[in-house]
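Colleague: Please take me through one part of this model closely, and spell out the cut-offs as you go.

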Amino acid sequence: MSYPKVTLKKESIVNNVKIFKKLTSENGIDVLYGVTKVFCANPDIAQLYIEGGVDGLADSRIQNLKKLQDFDVDKVLLRLPQHSEVDEVVRYADISLNSELSTLEKLNEAAQKAGCKHRVILMADLGDLREGFFKEEEFYEAVEKVLAMDALILEGVGVNLTCYGAVIPKPHILQRLKDYKDGVKERFDYDLKIVSGGNSSSVYLLGKEKLPGVNNLRLGESLVRGIETAYGEQVEGTTSKAWVLHAQIIELKEKPSVPTEETGMDAFGKKPTFTDRGIRKRALIAIGKQDVGNDCIFPVDEDIIVLGGSSDHTILDVTDSKKDYKVGDIVDFYLDYGGILSTNTSEYVDLELI
Ligand SMILES: Cc1ncc(COP(=O)(O)O)c(C=O)c1O
């Protein structure tokens with residue numbers, strides 16, 4: 001058995017996805033995209049999304065979409081395409097999110113060259129200030145241009161919220177997407193198929209308030225942790241404990257809780273602070289910030305304190321634990337979203353589906 005490793009309970013992910021599929025389809029979301037970037041599009045986990053009922057697989061990176069080619073559902077590129085990757089985008093993504101005319105032109109050329117059609121969703125920036133057309137005239141100008149491009153199909157309009165600006169989706173914000181859809185119909189007599197109303201932060205509106213006109217969500221964190229991310233509430237029937245990190249103790253000693261000599265910068269160039277708890281039993285485990293942030297891991301044994309760490313080590317205070325830990329023992333942790341993302345990305349952390 002090698003460590004560190006993450007175990008994922010397959011049943012829990014399928015169950016989470018099923019609950020979100022039911023919740024979304026009861027609220028007018030006909031098309032649910034499962035976001036795979038958090039587990040680097042591991043096809044075995046994507047398969048669990050499919051079993052749970054997602055209608056498409058979405059990822060921010062084209063390298064990840066390449067891994068998903070065998071799945072017979074739409075593959076969606078979430079991050080705006082780079083000019084340098086348009087040939088791969090039209091090859092590996094059925095749909096991409098866009099907000100730049102120059103990129104749309106390059107995608108059109110790439111699709112012409114490849115002899116295929118590529119579908120695009122135009123993003124509107126409704127205040128979160130990451131991607132998207134901020135000015136209405138620019139949005140409609142892009143619509144007009146895309147409709148004239150013979151290798152692109154204008155699939156829909158979308159928004160991303162609660163990522164950069166932490167803006168919470170509200171019905172009046174999502175209404176603006178519906179207005180764009182209606183505006184496209186009015187000005188160009190063209191029906192947009194998709195109104196993509198955001199990510200896991202839009203989930204809290206389901207069942208309570210309407211998501212006006214929205215028929216698609218792109219969900220990552222909700223599916224892997226069962227939470228809505230506007231307020232961080234667990235959705236009934238789901239679990240956030242499907243993923244568990246296991247790391248091995250490589251040193252266990254009693255030491256002071258404050259450095260014994262003058263201090264400067266830590267391994268990451270920061271000036272650390274310490275709480276003096278006196279002499280404590282400290283366990284060093286073989287995983288570090290290169291694999292996961294110290295603040296992304298939550299000991300299953302609640303009497304353990306995560307003190308901090310460096311690139312390859314994490315230091316735990318196990319003094320208050322009821323368990324008598326030994327060198328060689330395995331310590332388990334639940335993970336937040338950042339923890340799932342980084343442990344899946346680290347080539348030093350194994351993954352086991354159970
Ligand atoms: C454009 C876009 N849509 C959807 C998502 C999924 O977000 P979340 O994990 O909050 O559901 C992301 C980020 O992963 C994204 O960048």
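Modeller: The shell around the ligand divides into 5 nonpolar, 4 polar and 5 charged residues (nonpolar: Ala, Val, Leu, Ile, Met, Phe, Trp, Tyr, Cys and Pro; charged: Asp, Glu, Lys and Arg; polar: the others, Gly among them). This is a predicted model, where local features need pLDDT of at least 70 and side-chain atom pairs 80 or more, while totals for chains, interfaces and linings use all residues. Residues are numbered from 1 along each chain, and side-chain values use heavy atoms, without hydrogens or water.

Of the 14 residues around the ligand, R130, S200, R218, G220 and E221 come nearest (near: a heavy atom within 4 Å). For polar contacts (N or O pairs within 3.5 Å), backbone N or O atoms of G220 and of E221 each lie 2.8 Å from a ligand oxygen. A polar side-chain atom of K37 lies 3.1 Å from an oxygen of the ligand. Taken alone, the ligand exposes 400 Å², and the protein buries 93% of that (Shrake-Rupley, 1.4 Å probe).

Now to strand β7, residues 152–158 (strands are DSSP E runs of at least two residues, helices H or I runs of at least four). Because 6 of its 7 residues are buried, β7 is largely enclosed by the rest of the structure (buried: under 20% relative accessible area, 1.4 Å probe, protein chains only). Strand β6 runs parallel to β7, joined by 6 bridges (pairing takes at least two DSSP bridges). β7 also pairs with β8 in the parallel sense, over 3 bridges. G158 is the bridge partner of M123 and of S196 in β8.

How values were computed:
Buried means under 20% relative accessible area, exposed over 50%, partly exposed in between (1.4 Å probe, protein chains only). A polar contact is a pair of N or O atoms within 3.5 Å; within protein, one must be able to donate a hydrogen and the other to accept it, and residues adjacent in sequence count only if both atoms are side-chain atoms.
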